Amino acid sequence: MRTMRLPSLAAVALLAGCAAAGAPASRPAPAPPPVMREFRGVWVATVANIDWPSKPGLAPDSQRAELLAILDRAAELRLNAVVLQVRPAGDALYASPLEPWSEYLTGESGRAPEPRYDPLEFAVAEAHRRGMELHAWFNPYRARHPSARTPLPAGHIGRERPELVRPYGAYLWMDPGEPEVRAHSLRVILDVVRRYDVDGVHVDDYFYPYPERDSAGRVIDFPDEPSWTRYVQGGGQLSRGDWRRENVNGLIRDIYRGIKREKPWVKFGISPFGVYRPNHPPGLGTAFDQYESLYADARRWLAEGWMDYFTPQLYWPSSRPDLSYPLLLRWWTEQNARGRHMWPGNFTSRVVEAQPRPWPATEVVAQVFITRAIPGATGNVHFSMRAFQLNPDSLVEKLRAGPYGQPALIPASPWLGGRRLPAPVVAVPGDGSRPVVTITPRGEVPATWWVVRARWGTRWTLDIVPGVMREHALTPPPDAGELYEVRVMPIDRVGTEGREARWAR
């Protein structure tokens, strides 16, 4: 017969403390909920005033009010990133020393807002205040869009260096074969990285332009004869198609490396056309060939790791037999040998569009769930904000009641470094009906977010709070019990989880 070992005084005290806190000794308190990791982004397009501002030439106060409404709507939907177009066509929606102000902002190319303010600086500060990332979206080569109404101003590349720009259909296009064009676009992007506290840089699917056709329906070749002839006369050996692809490859590589030299934590993302080539994956059949038509070797960029997140524009419904959303997403994840973030782009605005017929909101909801079900895909980027503002078919409510019912942290990017921050000092003074947790940081590196989990009886709540906050009012769930426990964890700029602080009653 074995002798029973009596518990130590310390163990007795610990058990008594648990009982005093309201946790029955017979069963442990429930574990806190895991923190979901998911990128929830939205494109805010400025070209042709698609999303913002609603029209050119609004007073700055009205522009700011519209932008705040966009950010508030994104926060209401529990999105965590906004991708704001800041360079639609060789112009700027920010105070640039390299390019003129955009007419989509002020109504006249080259004219600054009056009274003067910087929309990008404002957008970054307000997004961060709401706990969201702000990614600056650039078009690297477009020099003029057909929606433009005012002449090219002084300082625009099409006026200052017309020999670098080619008319093509209704567009003006900077020639990717000109080394000075690539150098200029790189300078523009790195200038923003240096001067603004952006979380990411984003480029879309416009590299060489989408093909234009003549009156007979024949494809017009891009008019880059001067730069091509110079390349050949200089001893170049590549075919014209390979040369064009290498021009784009060089810019993508240089953007990625340049950003990492300036600020390693700033993410670089690319959103190419959703199909790489016909018959990729096998059985896909005929489709637009970005490799041969846009000279975009997107699969190589993914293989080389020249980006931190990859956002193929998968603008097809999930049930389409040939070009289906899950088929293409699964194929792209299989190409992702370096484990970069795979955050596909969704054509959410098809819920608004009437041609050929609008999608039901449930299609967008289903695509978010499909993304979660495919290993290696960890988020979505919605085109565009207009759909959430108009809210057709109760789109916002259906997303909030479904996949966006709880907040989510942006997935961590361990290849960008990161640091495990120390636990803050946490207190919950008072005993009001809505307690406030106070958070005092420790260490020299500031937190970007706080993960705040609170236990009310046996139920937990979860909040993701901007790292600048020092107080956070806790909201009890319906029919909640007494507040027993609060846990606060710091998250650094690249998503690394820090050490957790715990307060218990």
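Mentor: Contact here means heavy atoms within 4.5 Å. Keep in mind that this is a predicted model.

Trainee: Which residues in H8 does H6 meet?
Mentor: Start from the H6 side. Arg-182, Leu-186, Ile-189, Leu-190, Val-193 and Arg-194 make the contact there. Their partners in H8 are Asn-247, Leu-251, Asp-254, Ile-255, Gly-258, Ile-259 and Glu-262.

Trainee: How many nonpolar residues does the contact of H6 with H8 have?
Mentor: Sort the residues by class. Four are charged and two are polar. The nonpolar class has seven.

Trainee: Are H6 and H8 roughly parallel or roughly antiparallel?
Mentor: Take the axes of H6, residues 179–195, and H8, residues 240–262. They come within 10 Å and cross at roughly 25°. Angles under 35 degrees count as roughly parallel. H6 and H8 are therefore roughly parallel.

Trainee: Which strand gives the largest share of the lining of the largest pocket?
Mentor: This pocket holds about 700 Å³ of space and is lined by 33 residues. The largest share is eight residues, and it comes from S18.

Trainee: Which residues lie nearest the centre of the largest pocket?
Mentor: By class, the lining has 18 nonpolar, seven polar and eight charged residues. Nearest the centre are Arg-78, Pro-407, Leu-462, Asp-463 and Ile-464.

Trainee: What are the closest residues to the centre of the second largest pocket?
Mentor: The second largest pocket has a volume of about 500 Å³. Its lining numbers 23 residues. The closest to the centre are Asp-205, Tyr-206, Tyr-210, Gln-313 and Tyr-315.

Trainee: What is omega for the cis peptide bond that joins Phe-383 and Ser-384?
Mentor: Most peptide bonds are trans. Ser-384 sits in the loop between S14 (379–382) and H13 (385–390). The bond from Phe-383 to Ser-384 is cis, with omega about -5°.

Trainee: Where does Pro-53 lie?
Mentor: A cis peptide bond joins Trp-52 to Pro-53, with omega about -20°. Pro-53 belongs to the loop between S1 (39–44) and H2.

Trainee: What is the phi of Ala-48?
Mentor: Ala-48 lies in the loop between S1 and H2. Most residues other than glycine have a negative phi. Ala-48 is not a glycine, yet its phi is positive, about 60°.

Methods
Residues are numbered from 1 along each chain as its sequence is written. This is a predicted model: local features need pLDDT of at least 70, side-chain atom pairs count only at pLDDT 80 or more; totals for chains, interfaces and linings use all residues. Side-chain values use heavy atoms; hydrogens and water are left out. On a 1 Å grid over the protein atoms alone, a cavity is a set of points where a 1.4 Å probe fits but cannot get out, and a pocket is an open set with protein on both sides within 12 Å along at least five of seven lines; lining residues have an atom within 4 Å of a point. Grid points are joined across faces, edges and corners, and a volume is the space filled by probe spheres set on the points. Helices (H or I, at least four residues) and strands (E, at least two) are DSSP runs, numbered from the N terminus. Ala, Val, Leu, Ile, Met, Phe, Trp, Tyr, Cys and Pro count as nonpolar, Asp, Glu, Lys and Arg as charged, and the others, Gly among them, as polar. Axes are lines fitted to C-alpha atoms, for helices over the stretch in contact, and angles run from 0 to 180 degrees between N-to-C directions. Angles under 35 degrees count as roughly parallel, over 145 as roughly antiparallel, 65 to 115 as roughly perpendicular and the rest as oblique.
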